[in-house]
Amino acid sequence: MQQKDVLPMRTESDKRATAPATEIITGAEAVIRSLIAEGVDTIFGYPGGAIMPIYDALYDFQDKVHHILVRHEQGATHAAQGYARANGRVGVVFATSGPGATNLVTGLADAHMDSTPMVCITGQVAAALLGTDAFQETDVIGITMPITKWNIQVTRPEDIPGAIAKAFYIARSGRPGPVLVDITKNAQVAKLDFQYKACEHIRSYHPHPALNADAVKAAAELINNAKRPYILCGHGVLLAGAEKELIALAEKADIAVASTLLGLSAVPVDHPNYVGYTGMHGNYGPNINTNECDVLLAVGMRFDDRITGDVTAFARQAKIIHIEIDKAEINKIIPADVAVHADAKEALAALLPLVNKASHPEWLQMFKDADKKEDEKVRNRELYPTEGQLKMAEVVRVISEQTDGRAILVTDVGQHQMIASRYYRFKDPNTNITSGGMGTMGFSLPAAMGAKVGAPDKEVVAIIGDGCFQMTLQELGTIYQSEIGVKIVILNNNFLGMVRQWQQLFFDKRYSSTEMINPDFVQIAKGFFVPGRKITERSELEGAVKEMLATKGAYLLECVVEQEDNVFPMVPAGAPISSIRLE
Amino acid sequence: MQKEYTVTVYTEDRIGITNRISVIFTRRGINITSLTTAETEIPGVYKFIITVLSERDRLEKVVGQIEKLIEIHRAFVHDEDEVVYQELALYKISTKSLHTGDIEKIIRDNNARILTITPDYFVIEKTGHQQELIAMLQKLEPYGLIEYSKSGRVAIVKWSRRFHEHLKDLSLIEADNLKD
């Protein structure tokens, strides 16, 4: 990378930061001090008029808090999501009022769907101007109400520490989610007697349900009587840090374990009980055998329609056990025979001693048989093609091999996402970061940036489609300025591939507005001082991935792949999972 | 099958809580037919009584999603026969109509009462179930009805004794002092 101009960081230690617990400071400084008290050392943000006092206060704390200046507020939210998902801490975002705040909407909605702990702090016009259509005033509380776990507007400086304490408590407890704190400008500049107290309890909020021993017993009984027990491992397993408990249970009772999209990486892909990934473009075995199991243990997942297909034809034969921390998810889509409203780690730990040792080789063999079919019809030709254009799957395979399945894989949305999720061989928990529920194109580049900041020792590889990349590519500027060493792989098929696939299969090949006439991505990266390379040939692949991984710092690899490639298997939307197509 | 249900929601006292609740009905395209809200016997805890036309299993899911909101204590769905409820209506009638027909009989038969009389109009109040209030409206129509206004529902749940204890326990826990 070239040398660049960055303002020197202030290194003088700040006296105020070490002063006694109570003192008179501005609301803006109280924001920063509250964040520091919550252990925050990284903020993704973008300044503007209504949040200037907070940015001014931040200037004095640069030795404690690292602010990463993004290029668009949406990028800040996805970066905070990537950060939170990579290292388990709450991601923090700053944005100004009006357009700054509205630009957070997509990231908030994404974090809300995908249970990601995030606190967004927005500046707001002075309280006296609220409701008057003042410059850059927008009702961000009203706008974000349905897409945040909680939000609050603060108009008095003395309410700032309490609001931030609550925000962090709510964001990280129970089923995590995004919280927005909107602070009016007058509250930022006025003074308060500062004292910080972390929030430990809210009387109307019970994030930690008591484990029901009878339900656990009933679940154990079902598992002990099962001939074909089956686990659907969801994101909740990772959020609860319950991977070990889940694997121990699966091993003891010899249960087949399938993963949802967001549950990927909780169980190593090479684990003998792991049978693959389920859902619309998941593996063949886990999909068809969902309708063959006799006990289905769903852990920390919500039966998304991409998993169930037609709900009336989903696992009708099975007894359903649903372990879930969010009570509203229980019986929402698939009624549970045994509902365990609890934290996944606690529930699985309680279940383990009650479950008998068992062995189900015939059941597990059914998955192996299905795998063979999938190998023949799909995988072999996807992963090891010998002719024709480069395929997405082989690129993912080579990346997986060369990173030993240990990189953090950050994917965007569409064909490349499904391919990467199918073929990356995850080994470590929390190494799969993707936009699941929302399916937000443009997620990957900023999320990868956040993931790298959150887990600097990990290799972070962003796999991005050509369409997705162009939604947030301005974040290359952030990657350059903040020296974030992410590896960017663009799988370029010059199409909005997934939409084109649907057009081919369900809309009579009428390719309405899906062809992309693309720019020179490597040249664009060069403009941001990020080195890169474009490959079109199979013979270049291994060497190019090697070169990318050997490069210190950020790197962009564009792989031109087969234009009209389809992702299979596929369960057509709304169809029974048994109707999964292999070709 | 669509039926009228009463949804009760116990909340903290926060600006925007009505919005937070109503948006959950909106998402599922459920129309709120009446809404009554007031502070409960526990200071700082509010009760929303909402009537809707919908199906029970849909509403169970709605209530689950309402309960998930941070400032909500509990939310319930009730069938017609699980609650004792009352609504109130006011009828403004032209005073001239006192000379015609037998308005006294209507008032007596309906257990209604007159709240005020002026030279131009008088106001009758009646409480009861919606059908009764509407039936009275139809009877009063010929007497020169000037204005009619009906409240939402006030309801008491038949099995809620233990819940009142739970609410009382809440008053021992400090309420959130953050006010918008």
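In this predicted model, chain A is divided into three assigned regions, namely domain 1 (16-194), domain 2 (213-366) and domain 3 (389-561). The C-alpha centres of domain 2 of chain A and domain 3 of chain A lie 30 Å apart, and the contact between these two domains takes 13 residues from domain 2 of chain A and 15 residues from domain 3 of chain A. On the side of domain 2 of chain A that touches domain 3 of chain A, the residues divide by class into 8 nonpolar, 2 polar and 3 charged.

Taken as a whole, chain A has 23 helices and 20 strands. Its radius of gyration is 24 Å, which is close to the 25 Å given by the globule rule for 583 residues, so chain A is as compact as a globular protein of that length. The C-alpha trace of chain A spans about 70 × 60 × 40 Å along its principal axes, and 55% of the 583 residues of the chain count as buried. Of the contacts in chain A with a separation of 6 or more, 78% are accounted for by residues 24 or more positions apart.

The confidence assigned to chain A has a mean pLDDT of 95, with 96% of the residues reaching 70 or more. Over residues 1-16 of chain A, however, pLDDT stays under 50, and for this segment the model has 14 contacts beyond four places in sequence. Where pLDDT is low, the predicted coordinates should not be read in detail.

The secondary structure of chain B comes to 5 helices and 9 strands, which follow the pattern β-α-β-β-α-β-β-α-β-β-α-β-β-α when read along the sequence. The C-alpha trace of chain B spans about 60 × 40 × 30 Å along its principal axes, and buried residues make up 25% of the 180 residues in the chain. Among the contacts in chain B between residues at least 6 apart in sequence, 76% join residues at least 24 apart.

The contact between the two chains takes 21 residues from chain A and 20 residues from chain B. On the side of chain A that touches chain B, helix H6 (140-144), strand E6 (150-154) and helix H7 (160-172) of chain A each supply at least two residues, and H7(A) gives the most, with 4 residues. The residues on this side of chain A comprise 10 nonpolar, 5 polar and 6 charged.

Key: Residues numbered from 1 in each chain as written. Chains lettered and ligands numbered in written order. Predicted model: local features only at pLDDT ≥ 70, side-chain atom pairs only at ≥ 80, totals over all residues. Rg over C-alpha atoms; globule rule 2.2 N^0.38 Å. Buried ≥ 20, exposed ≤ 12 C-beta atoms within 10 Å, placed from the backbone. Contact = placed C-beta atoms within 7 Å. Nonpolar A, V, L, I, M, F, W, Y, C, P; charged D, E, K, R; others polar. pLDDT = per-residue confidence, 0-100. Domains from an automatic or database assignment.
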